[in-house]
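Dear colleague,

Please find below the structure I am handing over to you, together with its sequence.

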Amino acid sequence: MSRNAKINTLLLIVVAALAVLPLALGLGDHKEEPFTGADAEAETAITELQPDYEPWFSPLYEPPSGEIESALFALQAALGAGVLAYYFGLRRGRRQGAARAGAAGTEAAGTEAAGTEGVPAAAEAGTGIGTDAGTGTGAGAGTDAGTGTRTGSDSGAGAASGVRAVDGRDA
């Protein structure tokens with residue numbers, strides 16, 4: 001089992017324990033409503049300490065029942081989770097796209113690409129090694145590297161002769 005799988009399994013066990021233990025241990029049995037929200041707990045504490053307390057604001061919308069209030073809360077949580085999932089998915093997709101673009105760039109540096117004659121990189125080296133007998137500033141593996149163009153003739157069967165641009169394509 002990999003390290004990530006062990007961590008994920010441990011996290012699932014902890015979450016399950018947090019959900020089951022309060023129910024199994026009977027926490028909240030002494031209360032009228034054992035698992036109320038923090039807002040209800042705060043309201044109860046305030047009215048016990050200050051019976052004549054007047055709230056500063058009243059709710060804009062008061063749901064007709066607790067079930068509807070719970071449903072609206074669940075909808076709010078689902079929308080928030082959806083926004084977060086979209087954001088993290090977008091970031092991951094951009095990272096993967098950048099990684100693919102980087103991999104394609106290094107792959108193209110090893111061979112001549114983009115519609116040239118399909119001659120391997122060693123034949124286009126520009127240093128006089130191999131079948132290239134030209135004179136110019138292009139040197140390196142892959143496409144012709146350097147500043148400007150090189151002139152000369154490529155020896156070999158079916159190879160083009162004349163002026164060749166820096167990027168390895170016929171000018």
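Please note that the model is a predicted one. Leu-60 sits in the loop that links α2 (38-49) to α3 (66-110). Together with Tyr-61, Ile-68, Leu-72, Leu-75 and Leu-79, Leu-60 makes a nonpolar surface patch of about 680 Å².

As to the overall architecture, the protein has 3 helices and 2 strands. Read from the N terminus, the order of these elements is α-α-α-β-β.

The totals for the chain are as follows. Of the 171 residues in the protein, 11% are buried. The accessible surface amounts to about 13,300 Å², and carbon and sulfur atoms account for 64% of that surface. When contacts between residues at least 6 apart in sequence are considered, 17% of them join residues at least 24 apart.

Turning to the aromatic side chains, the count comes to 1 aromatic pair. The ring centres of Tyr-87 and Phe-88 are 5.3 Å apart and the ring planes stand at 65°, so this pair is edge-to-face, a class that requires an angle over 60 degrees. How accessible are the two partners? Tyr-87, at 42% relative accessibility, counts as partly exposed. Phe-88 likewise counts as partly exposed, with a relative accessibility of 47%.

Finally, the confidence of the prediction should be kept in view. The mean pLDDT of the protein is 73, and 60% of the residues reach 70 or more. Among the elements, helix α1 (residues 3-24) has the highest mean pLDDT, at 92, whereas strand β2 (residues 161-164) has the lowest, at 48. Two stretches deserve mention here. Over residues 112-147 the pLDDT stays under 50, and the model has 67 contacts beyond four places in sequence for that stretch. Over residues 153-165 the pLDDT also stays under 50, with 33 contacts beyond four places in sequence in the model.

With kind regards

Terms used
Residues numbered from 1 in each chain as written. Predicted model: local features only at pLDDT ≥ 70, side-chain atom pairs only at ≥ 80, totals over all residues. Heavy atoms only, no water. Patch = residues over 30% accessible without salt bridge, like charges linked within 9 Å, V, L, I, M, F, W, Y side chains within 5 Å. Areas by Shrake-Rupley, 256 points an atom, 1.4 Å probe, with all protein chains shown as cover. Salt bridge = Lys/Arg side-chain N within 4 Å of Asp/Glu carboxyl O. Helix = DSSP H or I, 4+ residues; strand = E, 2+ residues; numbered from the N terminus. Buried < 20%, exposed > 50% of the residue type's maximum accessible area, 1.4 Å probe, protein only. Contact = heavy atoms within 4.5 Å. Phe/Tyr/Trp six-rings, centres within 6.5 Å; stacked < 30°, edge-to-face > 60°. pLDDT = per-residue confidence, 0-100.
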